Amino acid sequence: MVFPPIQQHLHIILAFMPPKRTRITEALAEEPVPKRALRSRGPHASFSEPTITTTPKEKLKPRKEEPKKENVSRSKPRDNPHKRSYWLMKAEPETRMQKGKDMKFSIDDLKACKEPAGWDGVRNYGARNNLKSMRQGDLAFFYHSNCKEPGIVGVIEIVKEATADETAFDPAAPYYDPKSSRDCPKWFLVHVEFRRKLERQIGLAELKKYAKNELSEMPVLSTSRLSVSGVPKGCWDFILSLEKTVPGNN
């Protein structure tokens, strides 16, 4: 029997073909994935081996720390932030010459000044420290010292706080101090202005009458050599109350 040309080789082709079940399985494997499935898996996913896409981590910027808010109570500003202090400052109302200069300086001399006067010449450490503690607006009693009738004669005001005492640098000045320099001053002064004279002088003898009672805390009665001293508020008010009284009747 003679076969056509293709039939002559058919048995050879069938010998190399896989079984029918294997052909069906391979055909299924090559079946394209529906578009709906691709959309659910992502544009780059495959049916046989799904891939997971990850987004690269963003570079985190350093976070700026906000400054902590302080718990500040909002109170109304005071009209005068500095609590006024009171002082007693001594000066000599009578002529006394030193190095050719008259050391006289009375309440009337201060009143005649057309500008604030520097309270210079203080060479006691305790008095100097009191000068440095003074603040603008403080008040002081003007005290006549080293005279026949020492005592309080008026009220003055500190208008400029402590600065170096230039007279300590001048060799011709009565209170020159070679150990004091502008780079490292030892002595200081404040500037004062006249406010008023008392209606009468309150003498040292009168003040001493109250040394154990109303004026027991008055430094001038315990440290008489200190030219600049503090005055407690109670003592200040009491001394002013004596102004309108008659000496000997109070």
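This is a predicted model: local features need pLDDT of at least 70, side-chain atom pairs count only at pLDDT 80 or more; totals for chains, interfaces and linings use all residues.
Arg200 and Glu206 form a salt bridge in which the closest N and O atoms are 2.8 Å apart, a salt bridge being a side-chain nitrogen of Lys or Arg within 4 Å of a carboxyl oxygen of Asp or Glu. Residues are numbered from 1 along each chain as its sequence is written, and side-chain values rest on heavy atoms, with hydrogens and water left out.

Both partners of this pair are buried, Arg200 at 16% relative accessibility and Glu206 with a relative accessible area of 8%; here buried denotes under 20% relative accessible area, exposed over 50%, and partly exposed the range in between (1.4 Å probe, protein chains only). A search of the whole structure finds twelve salt bridges. Among them is the pair of Asp165 and Arg123, with the closest N and O atoms 3.0 Å apart. This pair links distant parts of the chain, since Asp165 belongs to the loop between β6 (151–164) and β7 (188–203) and Arg123 to the loop between β4 and α6 (125–133), 42 residues apart; helices (H or I, at least four residues) and strands (E, at least two) are DSSP runs, numbered from the N terminus. Asp165 is buried, with a relative accessible area of 0%, whereas Arg123, at 24%, counts as partly exposed. A salt bridge also joins the side chains of Arg96 and Glu92, at 2.7 Å from N to O, where Arg96 is partly exposed at 27% and Glu92 is buried at 17%. Side chains of opposite charge can pair when their charged atoms come close.

Six strands form an open sheet with mixed pairing, in the order β4-β7-β6-β5-β1-β8, two strands being taken as paired if DSSP finds at least two bridges between them.

The largest nonpolar core comprises 21 residues, of which Met89, Trp119 and Ile156 touch the most other members; a nonpolar core is a set of buried Ala, Val, Leu, Ile, Met, Phe, Trp, Tyr and Cys residues joined through side-chain atoms within 4.5 Å. Two or more residues are given to this core by each of β1, α5 (107–112), α6, β5 (139–144), β6 and β7. A second, separate core holds 20 residues, including Val155, Met218, Val231 and Trp236. In soluble globular proteins, nonpolar side chains tend to be buried together.

Trp236 is also one of the buried residues of helix α8 (residues 233–242), together with Cys235, Phe238, Ile239 and Leu242. The cover over the buried residues of α8 includes β1, β5, β6, β7 and α7 (204–208). In α6, the buried residues are Ala127, Arg128, Asn130 and Leu131. Seen down the helix axis, the buried residues of α6 fall within an arc of 160°, so they line one face of the helix, the arc being that of the directions from the axis to the C-beta atoms. Their cover includes β1, β6, β7 and β8. The N-terminal end of α6 is capped by Asn124, a side-chain oxygen of which lies 2.9 Å from the backbone nitrogen of Gly126.

Positive phi values were found in the loops. Lys99, in the loop between β2 (97–98) and β3 (101–102), has a positive phi of about 55° although it is not a glycine, and Lys99 is exposed at 53% relative accessibility. Asn146, in the loop between β5 and β6, likewise has a positive phi, near 55°, and counts as exposed at 52%. Most residues other than glycine have a negative phi. Ala173, in the loop between β6 and β7, is by contrast buried at 7% relative accessibility. Leaving aside neighbours within four places in sequence, Ala173 is in contact (heavy atoms within 4.5 Å) with Lys99 and Thr167. The C-alpha atoms of Ala173 and Gly100, 73 residues apart along the chain, are separated by 9.2 Å.

How values were computed: A polar contact is a pair of N or O atoms within 3.5 Å; within protein, one must be able to donate a hydrogen and the other to accept it, and residues adjacent in sequence count only if both atoms are side-chain atoms.
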